[in-house]
Amino acid sequence: MKKLFTLFVAVFFAGATFAQTQVFQEYFADSAGVADYGFVELDIDEDGNTWAIDVYENEIYMVSNSYDDAALTPNNALFSSAVDLSGYDSVAVEYFVAAASGTYYEEHYKFIVADNNDAAAVETADVLLEETLTEAESGAAWQKREMSMSQFIGETVYLGWVHYDCTDMYKIMLDSITVTGFGVGINDQAKEKLTLYPNPAQNHIRVNYSGNSEASIEVYSIIGSLVKRVENVRSGDAITVDDLNSGTYLLRITNGSGIQTRQFVVE
Ligand SMILES: [Ca+2]
Ligand SMILES: [Ca+2]
């Protein structure tokens, strides 16, 4: 059984060590029971139908119905086991979702992050994505969703999928969930103050640190790709970011006092 595990991968960019850790991964690869994966399903509408394991063409995944011989009005929540997000500079999540039917595909759900895995937590959770599936996801055409979870760094959370606010379609399908943490780990030894502003940024971002040492700056995408490098920077200098797409980035600065990483957002 594939459970919570931690994998440490060191990726090297121009001599800099950038650590990438698989914080959580679940492919539903080898069991027929929701609880076997450490997941919890909640039949909030109490109609006897909720998330369950399904198997089709040797692929195992989670499923929740909005039709089963008759129309259902589901309100079914599925929670992962606890995920500890302490110790990272940046965290991203991805999962795959699909609608089983090629015709009745307008399943509705929200992806939430909660501090517990019960019905009360569904109400107070942060909603990271809410959507009605489209033709792109119909006919079991798996589509990836990926987004930042960096706002929860330092917390232990539960990932949740709530299938609700729809009726008389067929089945929503969920599989291959991965949470990845990024950070500079043992190389992040500098303790002095480093700030970025404005953050979120539009055209440029300034770095501000104590001392007068020259710094080199590297900017990484949320998945760890180097997108920009600037040399000979001093505290207060502006770094152009209007050539970057909107999104979350990591800025890694190396100066006389060591290496530090900060997250920023380009609007
Ligand atoms: Ca139900
Ligand atoms: Ca699977």
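Is Ser64 buried or exposed, judging by the other C-beta atoms within 10 Å? In this predicted model, Ser64 is buried, because 27 other C-beta atoms lie within 10 Å, and a residue counts as buried once 20 or more are found within that distance.

**The chain as a whole**

- The protein chain contains 1 helix and 20 strands, and of its 267 residues, 35% count as buried.
- When contacts between residues at least 6 apart in sequence are considered, 73% of them join residues that are at least 24 apart.

**Ser64 and its surroundings**

- Ser64 has its place in strand E5, which is made up of residues 59-65.
- Thr50 lies 14 residues away from Ser64 along the chain, and the C-alpha atoms of these two residues are separated by 5.7 Å.
- If the neighbours within four places in sequence are left aside, Ser64 is in contact with Thr50, Trp51, Pro74, Asn76, His163, Lys171 and Ile172.

**A sheet of four strands**

- Strands of a sheet pair through backbone hydrogen bonds, and the pairing can be either parallel or antiparallel.
- One open sheet in this model has 4 strands in the order E17-E16-E19-E20, and its pairing is antiparallel.
- Strand E17 (226-233) and strand E20 (258-266) stand at the edges of this sheet, and each has a single partner strand, so one side of each is left without a neighbour in the sheet.
- From one strand to the next, the twist averages 20°.

**How the strands of this sheet are joined**

- Strand E16, covering residues 215-221, runs antiparallel to E19 and is joined to E19 by 6 bridges; within this pair, Ser216 stands opposite Thr254 in E19.
- Strand E19, covering residues 247-255, is joined to E20 by 9 bridges, and these two strands also run antiparallel.
- E19 and E20 form a hairpin, with 2 residues between the two strands.
- In a regular strand, the side chains alternate between the two faces of the sheet.

Note on methods
Residues are numbered from 1 along each chain as its sequence is written. Chains are lettered from A and ligands numbered from 1 in the order in which they are written. This is a predicted model: local features need pLDDT of at least 70, side-chain atom pairs count only at pLDDT 80 or more; totals for chains, interfaces and linings use all residues. A residue is buried if 20 or more other C-beta atoms lie within 10 Å of its own, exposed if 12 or fewer, and partly exposed in between; C-beta atoms are placed from the backbone. Two residues are in contact if their C-beta atoms, placed from the backbone, lie within 7 Å. Two strands pair if DSSP finds at least two bridges between them. Axes are lines fitted to C-alpha atoms, for helices over the stretch in contact, and angles run from 0 to 180 degrees between N-to-C directions.
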